[in-house]
Amino acid sequence: MFTTRPDLTGTFGMVATTHWIASTVGMKLLEQGGTAADAAAAAGFTLNVVEPHLNGPLGDMPLLLRPAGADQPTVICGQGPAPAAATIERYRSEGLNRIPGSGLLAACVPGAFDAWMLLLRDHGRLPLRAVMEPAIHYAEHGHPALARMCSAIAGLADFFRAEWPTSAETWLPGGAVPEPGRLFRNPALAAFWSRLLDEAETATGREAQIETARRTFAEGFVAEAIDTYLRDARVMDAEGDRRPGVLTADDMAGWRAGYEATAFTTHHGWEVHKPGFWSQGPVQLQALNMLENDDLSGLDPLGPEFVHLTTEALKRAFADREAYYGDGDIPAATLLDKAYAATRRADIGDSASLDHRPGAIPGYEQLADAFLRRAATDYAAGPGTGAGEPTMAHLSERRGDTVHLDVIDRWGNIVSATPSGGWLQSNPVIPGLGVPLGTRAQMFWLDEGLPTSLAPGRRPRTTLSPSLARDENGRWLSYGTPGGDQQDQWQLMFFLRHVHHGMTMQQAIDAPLFYTDHLQASFYPRNVNPGHLKVEERFARETIEALRAKGHRLEISGPWDVGRLTAAARDADGMLHGAATARLMQAYAVGR
C-alpha cells in the first residue's frame, strides 16, 4: 500500500508531533540524554511558539504517561477548573444562556504548564533551562510563519485592531499581517519564559527549580499579570458584548496538576487507555466495546460497511458522552461495561440513524432527557467574533485547533499528550506575557444538575484525548490527533485498521478518513448536524454511493483534508516505530 512517508524504526528514540520543528527539538533532548518526559515538554513548549493559532502556554492538556517498566500508564491532568466566581447565576446575569466561544468568561485556570512541570519533576532528568531554551529561542529569534497561522491572523486583523489591541500588538508586528514563510517573533513570550527561568534558578537543584517555576507561574508574576489585566478588562466575545472575566490570582494559586488513573478497556488482545470521563476519551473505549464481537477483519477497511458500522457506534458513544460524561457523578462502570455495550450494538441497523440515542441507565434518566432537549435546540452563533472551535483550522481559518505529540525513549518511557487552548483566536493577549488565556469553559452548560453544569472548581468536559494501548505481547502504542469532536473518531479508525487489517502505523494514518458531526458540538455555538458524515474523496465512488443509500447525509472533502494523526510504538524487544500524517504538510516523526 502506498504511504506518504516511510514507517520509521529504530531503538534509540521516537518523537512524532504536529510540527517538524517541535519533533526535531524533542529529538534533540533525547540526544542530550533526556527522557521522553524531557523531550515531550520541550516539544510541547515549542508547539506553543510555532503553532500559536492551535495552542498556547496558558492553555490546557491531558497527558498519558507510561514510565519504563510499568504495567499500567497514568494520566497527568493539565485541565484547569472553572474559577471560584464562575457560577451559573453569575453568567446568566450577563444575559447569557450559553458560554461564549471566545472572551474572558470562557477562561478556566491555565493547566498545561503545571502538567509539564509535574511530568518533568518526576520523570525527567535534564535541567529546566535545557527543556525550555529551544522554545525561547524560537520565540525570541523567530520561526517560519505557517500559512495557516497567517490566514488566521488575517481573518481577525481588523477585529484585533478595534477590540483586542493587545493581540494586535503581538500578532500584527508593525501593524501588518505576518507573511507565510517569513520569520515571526514573539519577544514578549520569550521575555515571560526567560523571567520565569531566571526566578526558578534562584533555587538550588533541579527539582527545587521546577517547584519554584510552578510557584512563580501559579502565585508569582504570571498570575499577577493575569489578575491585573482581568480586574479592569471588558472585552468583546463571541456573543457580541464586552464582558469582564472572573479568573483571579487566587484561582491560579489554588490549583495544581495531578495524577489519576486512566479509563480503559480491552479489545482483541489489546488494553486501551484514555483520560477519564472529564474528557471525551471514553468515547473511543465505548465504541471499541460495541465492536468487540464484529468480524472487523472481514470488512474492507475502506468499504461502506466498515464506515457505516464505526460511524453508528460512534454516534451512540457520543450520545452517551453528551448525556453522562463530565466532572461529577458519572455512571462510569456501566458506560464501560461490555454487557451495556452489547445493548448499544444491538441498536445499530443497516440504515444511518438520524436521531440521538443515549443508552438507558437506571437512575440517570434525567441526564439523557436533558441532552435530548439540548440537541433539539437551535443554537445560532452570536454577532461577536474570535470564537475558537478546535476542529480543523484549514476548514475555517478563523477557528483554532489543537496539537499532539507522541514520544518514546530508549528506556521505554512513553508520553502521549494533546496540548490545546490559549490559541490566538481565543482571547486578548495578556500584557507582559505575549499570549492569551484559553476558552475551555465554553464546554460547560448553564443548566443545573448536569455533570457538565458550570460550577466553581469543576473541570469542563474537554475534547482533548491522547491514547496509549498495550497488546498481549507487550507492544505499546501511543497515538492521537488534534480535531475537537473528531479526535476519538480518527483515532478509532487508526486503531482498528492497524489492529484488525494489518496496516502499518503510516498506512493507517494515510488511509482515507471520515467523521460525523451527528453529535452535540463541544464548541460554541454547540449545534448538532443530524446524519452528517464527511468523507475524503479518495474513497471509492461505490463506497460513497453505498453510504448515501444507507441514509448518511454525506459531505465530501478534499482528498487529504481530514485528520492530523501521529503515532509511536515500542515492541517488547525494544524496537521503536514512528509515523505522522502528511495532511497539512506540517507533522513529522523523527527517530533512530
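**A helix across a sheet**

Let us begin with helix H1, residues 20–31, which lies across S2, S12 and S21 and runs at about 155 degrees to S2. Please bear in mind throughout that this is a predicted model.

What is the order of the strands in the sheet? It is an open sheet of seven strands, S9-S4-S3-S13-S12-S2-S21, and the pairing is antiparallel. At the edges are strand S9 (258–260) and strand S21 (588–591), each of which pairs on one side only. On average, and ignoring direction, neighbouring strands of this sheet are turned by 15 degrees against each other.

One pair deserves attention. Strand S2, residues 13–17, is joined by five bridges to strand S12, residues 405–409, and the two run antiparallel. Within that pairing, Gly13 stands opposite Asp409 in S12.

Helix H4, residues 112–123, lies across strand S3 (61–66), strand S4 (74–78), S9, S12 and strand S13 (414–417), and it runs at about 15 degrees to S3.

I turn now to the interior. In soluble globular proteins, nonpolar side chains tend to be buried together. Here, the largest nonpolar core has 92 residues, and those touching the most other members are Phe45, Trp116, Phe192, Ile226 and Leu433. Which helix gives the most to this core? Helix H2, residues 36–50, does so, with 11 residues.

Consider Phe192 in particular. Leaving aside residues up to four places away in sequence, Phe192 touches Pro57, Phe217, Phe221, Val222, Gly432, Leu433 and Val435. There is also a second, separate core of 67 residues; among its members are Leu288, Ala323, Phe371 and Ala508.

**The chain as a whole**

Finally, let us step back. The protein chain has 19 helices and 21 strands. Its C-alpha atoms fill a box of roughly 60 × 55 × 45 Å along the principal axes. How does the radius of gyration agree with that of a compact globule? For 592 residues such a globule would have a value near 25 Å, and the protein chain has 22 Å, which agrees.

Buried residues make up 66% of the 592 residues. Of the contacts between residues at least 6 apart in sequence, 74% join residues at least 24 apart. The accessible surface comes to about 18,500 Å², and 49% of it belongs to carbon and sulfur atoms.

Note on methods: Residues numbered from 1 in each chain as written. Predicted model: local features only at pLDDT ≥ 70, side-chain atom pairs only at ≥ 80, totals over all residues. Heavy atoms only, no water. Core = buried A, V, L, I, M, F, W, Y, C linked by side-chain atoms within 4.5 Å. Buried < 20%, exposed > 50% of the residue type's maximum accessible area, 1.4 Å probe, protein only. Helix = DSSP H or I, 4+ residues; strand = E, 2+ residues; numbered from the N terminus. Contact = heavy atoms within 4.5 Å. Pairing = 2+ DSSP bridges. Axes fitted to C-alpha atoms, helices over the stretch in contact; angles between N-to-C directions. Rg over C-alpha atoms; globule rule 2.2 N^0.38 Å. Areas by Shrake-Rupley, 256 points an atom, 1.4 Å probe, with all protein chains shown as cover.
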